[in-house]
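Please take some time with the sequence and the model shown here before reading on. The paragraphs that follow are meant to be read with the structure open beside them.

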Amino acid sequence: MAYSINKVAVLGAGVMGQGIAAHLANARIESVLYDINMEAAQAGLKNAVKLKPAGGNTSLFFKKSDAKMVTAATYDDAGAKLLGECDLIIEVVVERMDIKHKVFSWVGEHRAKGSIVASNTSGLSLAGMGEVMDEEMRSHFLVMHFFNPVRYMRLLELVSGPETLPEVTAAITEFGEKKLGKGIVTCKDTPNFIANRIGTYGIMSVLHHMPTIGLNIAEVDAIFGKPMGRPASAVFRTGDLVGIDTLAHVIKTVYDSCPDDPERDKFVVPAWVEKMVAEGDLGGKTGKGFYWKTKIDGKKAILARNVETGEYENQGRPKFASVKAAKSGGLKALVAGDDKAAKIAWLATADTLIYAAGRIPEIADDIVNIDRGMRWGFGWKIGVFESWDKLGVRSSVERMKAEGRTVPAWVEAMLATGRETFYTRNNGVDSYWCAIEGVEKTVEGSSGWLILKDVKDAGGLVAKNVGADLIDLGDGVLNLSFHTKMNALDADIFELYNQALDELEEGKWEALVVGSQGGPAFCAGANIFMLVMLAMQQEWGQIEEMVGGMQTVLKRAQYNKRPVVTAPRGLTLGGGLEVAMQSSACQAGGELYAGLVEVGVGLIPAGGGCKEVLARSLGNIPEGVEYDPNPFVQQAFKNIGLAQVATSCEEARAMGYLRPHDRITMDEDALIQDAKDLALGMVKAGYAPPKERTFMLPGPSGRSAIELFLYQMHQGGFATDHDMVVSGKLAHIMTGGDIPTNTWVTEQHVLDLEREAFLSLCGETGTQMRIQHFLQTGKPLRN
């Protein structure tokens, strides 16, 4: 049976239910969000719209108006009818088996036969929940364990039962990967599954050793964050984000459900944590937790809890020699030290390595699922066994045994074969040691993934320089991949971009894909260090040549006779957005943070950004049609002049940074493959480049309205004198310069205005000060 999932029921409008429903909307999937009464369901939906996870600036929804794709409902007759229309039903109610049984009994009465039923439980037994289901329902039942916040956490743990149809598991795997962009980890029906089982053990190991070594909360977090290759939230900030009551529940689940776990005694919630739960100090959701954000003498302060007294105190900014060593030497350097940080880092690491190795085959059949679980669910840069490889397996095992620890037999058996690492890599193919069979196996990925590093290592590198690579993706498709810091644009990147376009025009390739993998950015803008050097030396000719060269190469890409597909994702700012927009088509990542932000350093977009924003607003209006360009021009001006940044692919589309027909990929590892497929589809369809656009601009008469807006901003203290200079230059460009009212102009006309304005601003003292401030701090200057 083929399963098509077009509508989903989410049973439970709490935090997790809200997150799941919102992310379904992000994936363009309609959902019905249930709760015990309509008020609770509607409140849950309303909260999902305004909620900003972890205090960030982005919503659970890609675009808040997408909340219309979610219907609030309750468990009445109308809700029962809606349930029957759903292809997938996800239960997200409280973690009590009796309540889950009640909900699943109701589902069994009203679901359509053949619909898939899932539980988002964080650790309750699949078999236990299935006790109230008939055989047909159990054959369509599995666990889909999302991690919070659902939009951002990649991990989706799947647990199938002995009666779950293989095609059901396959359908949900494909749905999770391709529609929702999740990384799938296959788990067994064991308490807390994989990530929470290993992750909470690691936390409990830290809590166990903390008093013995004599460390406070701030000191622990200074060690177990970035120095360990883990999120900056480390142990206790993560606990505050998750909720201390939730953390305590997950820990208690293992203790209660795993009587034979050799480390069961470590899963005892410390009395001081139990006291916090009892007092209601549960973390971010209650204002107090392991940390307390407060004010002292009118100034903001972050205090940490004293685990002995229960009082909150300033624990300062702890520093350790071993933590400093880890900045260059990583985990291996950290645990090699002899201070307190090194001691607890080694003890907790050794505990976790041995514990994880000992859970095979109990919770997983291989190390790959465990490592992916920790990377995708807990935000570790590298997983448990990848970390062990970094430490040196043989030397660390010797250290463990010298301390009297028992290392799982399969690890020693692997070393006895002469193999020194859990993972190996050969010609772009990763292999791992199978603990169960005692043989090497290939690390399998999703069928939709295309990993550039694998292609390069397999001999696909065509050309490279300091800033970029050209990679043969196969099937006649070439890739241009950036690898500068934050993928910032420089002369090396444009050198290879020009080479790629030359070869494309010569017929050596059918299409070009511009996109990189790894790191937070597609391209965070231009490398402005060289620009400020040239400006200080008044090398205006070189600056004009540099800007003109950028305009030329991006125009070549946009109007090339063969398709050029860009694949922006993550930070796509300034020049990076200009690269992304000026292409034949765009295959964008769902998590896209895009904007033309040059005004923050006292400049304007000069690589075609102003031109492209105007052309997208006005360029589709046929010449000869009478219309008022001012509303379009004013909105385009505000997007650039206020440095507005889209915080998702759909916001980027609404702002014109993505076109209506540009496509979205939710799975970051599938983005390059999807871009390649799009390019090949365009070739097959007989691609022909578009004609250059012309559009009507208002000239000085339209500029006066923008200048009034700027005057009001200046008078209100929202714009500095230098802001007025920069904004005035931008208004001159966006209205077409000194032209008669409502004149039709070419793209090149606007490009010339961009270049002229950019050069004049480079000579401004205020701009040079802003650029220098940005280079020193990484932040725009706020006057």
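Predicted model: local features only at pLDDT ≥ 70, side-chain atom pairs only at ≥ 80, totals over all residues.

The protein chain has 31 helices and 26 strands, and its C-alpha atoms fill a box of roughly 85 × 65 × 65 Å when the box is taken along the principal axes. A compact globule with 783 residues would have a radius of gyration near 28 Å, and because the protein chain has 28 Å, the value agrees with that expectation. Of the 783 residues, 56% count as buried.

We can turn next to the charged side chains. Side chains of opposite charge can pair when their charged atoms come close. A search of the whole structure finds 54 salt bridges, and a few of them can be followed here one by one.

Consider Glu-412 and Lys-401, whose side chains meet in a salt bridge with an N to O distance of 2.8 Å. Glu-412 lies in helix α18 (residues 409-416) and Lys-401 in helix α17 (residues 393-402), so this pair ties together parts that are eleven residues apart in sequence.

Another pair sits within a single helix. The side chains of Asp-457 and Lys-453 meet in a salt bridge of 3.2 Å, N to O, and both residues lie in helix α19 (residues 452-460), where they are four residues apart, about one turn of the helix. Asp-457 is partly exposed, with a relative accessible area of 35%, and Lys-453 is partly exposed too, with a relative accessible area of 48%.

Which parts of the chain are linked by the pair of Glu-544 and Arg-755? The side chains of Glu-544 and Arg-755 meet in a salt bridge of 3.8 Å, N to O, and the pair links distant parts of the chain, with Glu-544 in helix α22 (residues 540-558) and Arg-755 in helix α30 (residues 747-762), 211 residues apart. Glu-544, at 38% relative accessibility, counts as partly exposed, whereas Arg-755 is buried, with a relative accessible area of 18%.

A separate group of charged residues, Arg-237, Lys-293, Lys-295 and Lys-300, forms a positive surface patch. One of these, Arg-237, is found in helix α10 (residues 236-242) and is partly exposed, with a relative accessible area of 34%.

Is Ser-447 buried or exposed? Ser-447 lies in the loop between β14 (439-442) and α19, and at 70% relative accessibility Ser-447 counts as exposed. Ser-516 has its place in the loop between β18 (511-514) and β19 (521-523), yet at 3% relative accessibility Ser-516 counts as buried. Each serine can also be set against a residue elsewhere in the chain: the C-alpha atoms of Ser-447 and Ala-345, 102 residues apart along the chain, are separated by 37 Å, while those of Ser-516 and Ala-73, 443 residues apart along the chain, are separated by 42 Å.

Finally, look at the backbone itself. A cis peptide bond joins Asn-148 and Pro-149, with omega at about 0 degrees, and Pro-149 has its place in the loop between β6 (141-146) and β7 (155-160). The peptide bond from Ile-360 to Pro-361 is also cis, with omega near 10 degrees, and Pro-361 lies in the loop between α14 (340-358) and α15 (367-378).

Phi of Asp-297 is near 55 degrees, a positive value in a residue other than glycine; Asp-297 is found in the loop between β9 (291-296) and β10 (299-305), and at 77% relative accessibility Asp-297 counts as exposed. Gln-538 has a positive phi of about 55 degrees although it is not a glycine, and its place is in the loop between α21 (528-536) and α22. Gln-538 is exposed, with a relative accessible area of 55%.

Note on methods: Residues numbered from 1 in each chain as written. Heavy atoms only, no water. Patch = residues over 30% accessible without salt bridge, like charges linked within 9 Å, V, L, I, M, F, W, Y side chains within 5 Å. Areas by Shrake-Rupley, 256 points an atom, 1.4 Å probe, with all protein chains shown as cover. Salt bridge = Lys/Arg side-chain N within 4 Å of Asp/Glu carboxyl O. Lys, Arg positive; Asp, Glu negative; His and termini not counted. Charge placed at Lys NZ, Arg CZ, Asp CG, Glu CD. Helix = DSSP H or I, 4+ residues; strand = E, 2+ residues; numbered from the N terminus. Buried < 20%, exposed > 50% of the residue type's maximum accessible area, 1.4 Å probe, protein only. Rg over C-alpha atoms; globule rule 2.2 N^0.38 Å.
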